[in-house]
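Hi everyone, I've got a quick one for you today. Have a look at the model on the screen and then I'll talk you through a couple of sheets.

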Amino acid sequence: MEFLTPILFGGLALVSAPILLHLLHRRNIKPVDWAAMRFLIEMMTRKRRRLLLNELLLLLVRMAIIACIALAMVRPALKHAADGASGAGIVRHGPTAAVLLLDDCLSTQAGRAQSSFENMKRLAVAYLGTLRAGDEVSVVRMSQVGQAVADPGFDLEAIKAGVLAARPSFVASDVPGLLEAGLGQLKHHANPGAELILVTDGMGNGWRFGEISRWEELRRRLRGPASAAAGTKEHPRLLVLCPETPETMRNIAITAVTPDRSILTSGMESSFKVSLKSHGNTVATSVPVQFLVDGRAVGQKAVALPPDGEGEALFTHTFAEPGSYALEARLVDNHDFLGADDQRALAIQVEPGLPVLLVDGNERAGLRSKLGFLRYALDPGGPGGSPFKVTTVSLAQFAPSLLANYRVVVLGDVRALEPATVDALERYVVGGGGLLVGLGPEINPGLINRAWSRGGEGFFPAALGNATSPPKGVRPAGMNSTHPAFAGFGAQAEGAWKSAAVKSYFGLAPEAGQRGDLEVVLKYDNGDPMVLERRRGLGLVALVTTSLNADWNDLPLQPAYVPLVRGLVGRLGSFIMPPRNLLPGEPIIYAQVAEPGHPITGEDQAGKPLPLVAGGWEGRDAFLSEALPTPGIYLLRDPKVPKPIRFVVAASPGESQLQPVTEHDLTQAVEPGTPLYRRGDQVTAALATASRNSVEIWKWLLAGAIGFIFLETWMTRRAAAGAAMGAVVGEPEKA
Amino acid sequence: MSTVPAVQPEVLARLGSLSLTARQAVESILAGQHRSVHHGLSIEFADHREYQPGDDLRHLDWLVLARSDRYQIRRYEEETRLRATIVLDCSGSMGYGKTGSTKLEFGRSLAAALGYLMVRQNDSVGLATFDTEVREFLPPGSTMSHYLHLLDAMSRSQPGEETRLAPVLEELAGRLRRRGLVLLITDAFDDSTALVQALKLLRYRKQDVRLFQILDPRELDFPFSGMTEFVGLEHEPRLKFDADRIRTHYRQEFAEHQARLKAGCHAAGVQLEVCRTDEDLFTVLGRALAAR
């Protein structure tokens with residue numbers, strides 16, 4: 001005997017309801033004066049025993065009705081045989097709870113005459129054909145992971161129709177995540193048999209074999225306790241349905257469109273790199289790539305791609321005016337297995353210049369000030385201008401009201417700030433501003449930790465230790481050129497600082513290393529951090545543990561100083577929040593307030609109106625769209641902004657690699673021997689005759705409850721008719 | 001508030017102008033059927049009255065007819081003075097009923113009306129109130145002042161102890177030595193066998209007995225529902241019942257009691273008149289007199 005919905009065992013407590021009602025009734029009896037008592041007394045004297053017996057029987061019958069219904073809801077199932085094996089070796093534990101995991105990721109669109117997704121659907125329908133009435137099915141799609149899933153259904157034909165009507169999405173595959181979602185969905189099922197059916201195209205990208213700890217946890221959950229029989233809730237049976245695919249499918253994809261700098265300014269020529277990747281062992285000697293700005297072609301180039309190799313095309317463009325733009329790269333006349341990755345777009349914001357406020361801790365002017373070198377590195381002056389619009393103020397001139405006009409603020413060896421200014425800086429960062437803090441001889445660590453850091457609650461990224469002056473000095477090392485701040489170094493990152501010397505710097509307090517949100521982006525050659533970043537609300541704070549001028553180092557005299565500070569300041573000012581480059585399934589968020597009579601409207605990539613609703617985002621008023629499943633360029637028109645604001649939904653480039661997982665990996669990923677079916681007839685042959693070793697008895701219990709209801713009705717009517725029975729509800733009580 | 005029994009003016013007015021049938025019925029009861037046993041035996045002449053159809057021609061005064069050409073009937077002392085005793089139950093159970101229309105109040109009104117009828121035609125009427133024993137006893141009298149005393153005694157009666165009809169009637173049988181009429185007003189919620197025995201004793205003592213059983217409609221219908229606690233008016237134990245489920249049994253017990261009472265009354269030669277407190281008093285009187 002097993003119970004399929006043991007959580008409902010609490011319902012058995014309702015058996016006591018008739019007794020409780022009886023007792024409650026006794027409490028609520030209202031007395032009435034009565035003259036003809038002798039007839040009641042005579043009646044009771046003559047029929048008392050009979051009345052009490054009948055009352056007791058009636059009470060028991062009512063309790064039995066509730067007990068039967070409560071037990072039926074617990075759904076007991078009788079196991080009538082030991083786990084036996086059918087010819088195909090599949091044993092189902094009574095009615096089956098099947099969770100169909102449909103990996104409808106972007107790569108399933110791949111194929112020639114028919115996409116992989118169509119073949120996957122056929123396998124799924126073949127599986128559904130092996131189920132029978134009473135089995136319950138949930139369908140969890142990759143594109144729905146993280147969202148609410150419909151309750152399990154029993155209408156197998158409707159579920160088949162739903163599967164056949166499904167279309168592939170543009171999301172990236174995450175097979176472990178899909179399996180985790182399936183295990184979660186199993187909890188909503190009541191049937192004793194449990195099967196997870198992974199329907200996949202078998203492409204390697206989504207399996208994420210490198211996430212070892214995640215897979216180990218998943219295997220532990222799937223195997224359940226050692227005593228659990230396969231195919232039960234504790235140890236669900238995993239079946240993999242994967243259509244046969246060509247060994248490799250040729251595919252050329254645009255993987256990225258990347259600007260050459262963090263800050264794009266109007267009137268200045270900017271370069272954009274279009275990255276391509278060839279999957280498959282075919283040589284592509286000339287792949288034409290078209291580059292478009294706001295839908296207008298501005299260039300086309302041919303790229304040669306080696307087998308399984310990468311290539312890139314550089315395009316330049318000068319934006320005449322600031323505003324929001326959408327850049328798009330397309331492969332022209334490309335005929336490979338997957339067309340969805342033949343174009344890629346990027347939303348950018350072109351600024352007239354990045355407004356930067358320098359707060360200098362020293363009243364002296366020029367290079368002798370704390371931020372003199374940094375100012376010249378950002379904006380040397382002269383013809384051609386600079387993307388940075390720099391304003392320098394002394395500590396005495398620095399007021400909170402200035403913050404609203406700048407995207408980045410730099411503090412150069414500032415000893416102390418007024419409490420109101422500290423509060424204003426915290427609000428500035430949390431609201432999306434960028435802050436760069438350089439240290440120096442004026443800094444008092446105790447004061448900084450107490451007023452600016454406040455145990456991680458303030459804007460300062462980490463508690464400081466003492467100033468350190470190694471005898472031989474140190475120099476920057478270990479620069480990661482993939483970090484956005486150091487992208488300008490390119491291949492020269494490794495030797496950029498070989499002749500630099502840092503005499504003094506501040507170390508961090510021991511507790512600072514325990515903060516998970518702190519990222520060290522540049523270290524000294526002795527391992528101590530030189531540049532750290534910490535996200536704070538919507539903004540970003542960067543800390544340079546030495547001076548930004550030549551007080552403690554000779555960094556300003558190094559050629560790498562200019563790209564270093566430009567990279568840092570540019571990164572701090574490059575964030576457009578909320579983001580405008582989205583993944584499929586994310587909504588557009590536009591954090592602005594519409595003026596009365598000037599509504600903010602949206603358009604999808606086909607030019608149709610895009611519904612927007614007023615809402616909130618990070619404590620600010622905002623307009624939000626629904627989740628956008630399809631890649632493309634979406635427009636928002638704000639009457640206050642001259643140009644439309646462009647948002648881009650782009651698929652994950654990982655889905656372009658159409659490299660199938662080996663059959664060995666498919667069957668061994670979870671546990672050895674996981675059944676793998678590649679054709680519908682295999683599924684039918686293996687599962688259609690699977691034996692079932694338990695039977696539910698809820699129908700019998702409900703039938704019993706109905707029988708008791710009839711009995712109760714008969715007894716009640718008989719008592720009311722006075723044929724033989726009556727009801728003494730209580731013993732006579734003396735007045 | 002006056003406690004004088006409620007003989008409503010309209011009832012008295014309607015009684016005073018009873019139809020001929022009713023008037024004949026009254027006189028048939030009080031004069032014809034309760035004829036004096038002393039008739040023709042040195043009975044003292046009292047007065048004359050107008051002849052009315054149905055009068056015994058033997059009592060026609062021929063001398064008056066000869067002298068004045070008027071039909072006059074001679075009346076004698078014993079013939080005109082029917083001795084009636086109204087026996088009113090004042091036990092606790094008679095206090096049952098809605099405020100203003102308890103069984104006792106209905107019984108008082110009935111007794112007052114009956115007494116008025118008798119005094120008005122020069123009959124003697126007395127009163128006995130009781131519960132476990134006789135509480136008050138007024139011998140019969142025929143004057144209006146006596147009638148007012150009866151009313152005063154009735155107004156003092158209050159629902160009291162348990163109902164013990166049999167010993168009370170036995171005691172009254174001892175007190176009523178002369179032939180007469182006993183008008184028993186009670187709910188008769190007592191042992192029917194003992195009650196019938198007591199009625200037979202009264203009959204044996206040459207008392208004509210009429211039993212007016214006063215019942216509240218709820219005692220007949222048992223209209224309660226759901227769990228109910230019944231509190232007796234004569235110190236019985238409290239009882240809790242599901243009223244819906246004992247209604248039939250109650251009615252059955254009640255019907256058996258009524259059947260025994262009816263059969264006993266019939267056997268004892270006692271006329272039983274069942275009265276509901278929601279009935280019009282005139283209707284009850286009319287029905288009672290007509291039935292005679």
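Helices (H or I, at least four residues) and strands (E, at least two) are DSSP runs, numbered from the N terminus. This is a predicted model, where local features need pLDDT of at least 70, side-chain atom pairs count only at pLDDT 80 or more, and totals for chains, interfaces and linings use all residues. Residues are numbered from 1 along each chain as its sequence is written, while chains are lettered from A and ligands numbered from 1 in the order in which they are written.

Okay, chain B. Strand β3 (residues 83–89) runs parallel to β8(B), with five bridges between them, and L88(B) sits opposite I185(B). On to β9(B), residues 207–215: it pairs with β8(B), again in the parallel sense, over seven bridges, and L183(B) has R210(B) as its bridge partner.

Now chain A. Eight strands make an open sheet with mixed pairing, in the order β18-β17-β19-β20-β26-β25-β24-β22. β18(A) and β22(A) are at the edges with a single partner strand each, so one side of each has no neighbour in the sheet. Further in, β20(A) and β26(A) run parallel, joined by six bridges, and G434(A) is partnered with L540(A).

Methods:
Pairing = 2+ DSSP bridges.
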